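Subject: A structure for you to look at

Hi,

Here is the structure I promised to pass on.

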Amino acid sequence: MDFSRDYLVHYYEADPDQRLTLPSLVRYFEDIAILHSEDRGLGLGFYEQNHCGWMLIKWDIAVHALPSFTESVRVSTKVHAMKKFLADRVFALHAADGTLLAEARSNWLFVDTVRRRPQRIEENQYSLFGVTPESEAQFVTIDDVGEIGAGPDGSNDARNTLYTATIRAASSDIDTNRHVNNVSYLEWALDSLPSDIVGSYSPTSLRAQYRKEIALGMEARVHTSFDSVDAVSRHSVRSDAEEFCTLEITWKRRQGVGDAR
């Protein structure tokens, strides 16, 4: 059961080259998921009243092209499968002429927001989202994101250049689940990269894995590696004691741009 809406690429969603930013793309996907839930009668008010909600576990996003400022795009989503505490949701971004610009898969955990523990999905949610209990057999679990600094074979790779940055969760990072929103982790990861890398490359994929919650006022460090051969950046948002999120972004050099390093 697909659910879709049209979006206009606004100025504040675009980068210096007037292209939709990767965080803005992820916000489109997050927004359409919430609107879909609202449309099915399971809105934010329902989740707040019943002390439950969906928390994102993983993203797997492929970017084919990014639309420009003032372009109209269509964003669509559907729940592909559910099982026990989990949902497998897919997304697509199309240009006005129907060209596929980006597609994504995500895994979500249904939780008791008071106890902060997994909660079994109610039976009515299956039918409201157009899936059956038998959809469990089609559930797609996204692969884990590798460790920071890992090369293609999983080992530490001398090709990687390492960077670190310190962050503190601010009020603007907190969402309705009262923890840092998933897009903030991506923004921290991108901000940890030198500007010459971000300015010379465009993202072609994003994988993210959310492991622990960060609450308002908490501090962490972003550890980042960039593999200049394969054009892959890997990011770990962590404290000394635990890892909160790992991300992996694949890049391609922008046309007409020289070496970034």
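Two bits of housekeeping. What you have is a predicted model, where local features need pLDDT of at least 70 and side-chain atom pairs count only at pLDDT 80 or more, while totals for chains, interfaces and linings use all residues. Residues are numbered from 1 along each chain as its sequence is written, and side-chain values use heavy atoms, leaving out hydrogens and water.

**The pockets**

Rolling a probe the size of a water molecule over the atoms shows where empty space is left. Here a pocket is an open set of points on a 1 Å grid over the protein atoms alone, where a 1.4 Å probe fits and protein lies on both sides within 12 Å along at least five of seven lines; lining residues have an atom within 4 Å of a point. Its volume is the space filled by probe spheres set on the points, which are joined across faces, edges and corners.

The largest pocket holds about 1,100 Å³ of space. It is lined by 45 residues, and W54, M55, D175, N177 and H179 are the closest to its centre. Sorted by class, that lining has 22 nonpolar, 10 polar and 13 charged residues. Helix 1 gives the most to the lining, with 8 residues. Other elements that give two or more include strand 2 (52-63), strand 3 (72-83) and helix 4 (182-191). (Helices are DSSP runs of H or I with at least four residues, strands are runs of E with at least two, and both are numbered from the N terminus.)

The second largest pocket has a volume of about 560 Å³. Of its 25 lining residues, D15, Y201, S202, P203 and R254 lie nearest the centre. Its lining has 13 nonpolar, 5 polar and 7 charged residues. Helix 1 and helix 4 turn up here too, and each supplies at least two residues, as do helix 5 (195-200), strand 8 (201-210) and strand 11 (243-253).

**Helix 1**

Does the length of helix 1 agree or disagree with what its 18 residues should span? It agrees, because at 1.5 Å a residue they should span 26 Å, and the end C-alpha atoms are 26 Å apart. (The expected span is 1.5 Å times one less than the number of residues.)

Among the buried residues of helix 1 are L22, L25, F29, I32 and H36. Buried means under 20% relative accessible area, exposed means over 50%, and partly exposed is in between, using a 1.4 Å probe and protein chains only. H36 sits in this helix, which covers residues 22-39, and it counts as buried because its relative accessibility is 1%. Its side chain makes a polar contact of 2.9 Å with that of R89. (A polar contact is a pair of N or O atoms within 3.5 Å; within protein, one must be able to donate a hydrogen and the other to accept it, and residues adjacent in sequence count only if both atoms are side-chain atoms.)

Just after helix 1, G41 takes a positive phi of about 85°.

**Aromatic rings**

Rings of Phe, Tyr and Trp (its six-membered ring) pair if their centres lie within 6.5 Å; planes under 30 degrees apart count as stacked, over 60 as edge-to-face and the rest as tilted. The whole structure has 12 aromatic pairs. In one of them, Y7 and Y28 have ring centres 4.8 Å apart and planes at 35°, so the pair is tilted. Y7 lies in strand 1 (residues 3-8) and Y28 in helix 1, so the pair ties together parts that are 21 residues apart in sequence. Both Y7 and Y28 are buried.

F46 and Y47 make an edge-to-face pair, 5.4 Å centre to centre with 75° between the planes. F46 is partly exposed at 27%, whereas Y47 is buried at 8%. There is also an aromatic cluster made of F29, W59, F91 and W108.

**Two arginines**

Most residues other than glycine have a negative phi. R116 has a positive phi of about 60° although it is not a glycine. R116 is in the loop between strand 5 and strand 6, and is partly exposed at 32%. R178 also has a positive phi of about 60°. R178 is in the loop between strand 7 (160-168) and helix 4, and counts as exposed at 61%.

Happy exploring!

Conventions
Nonpolar A, V, L, I, M, F, W, Y, C, P; charged D, E, K, R; others polar.
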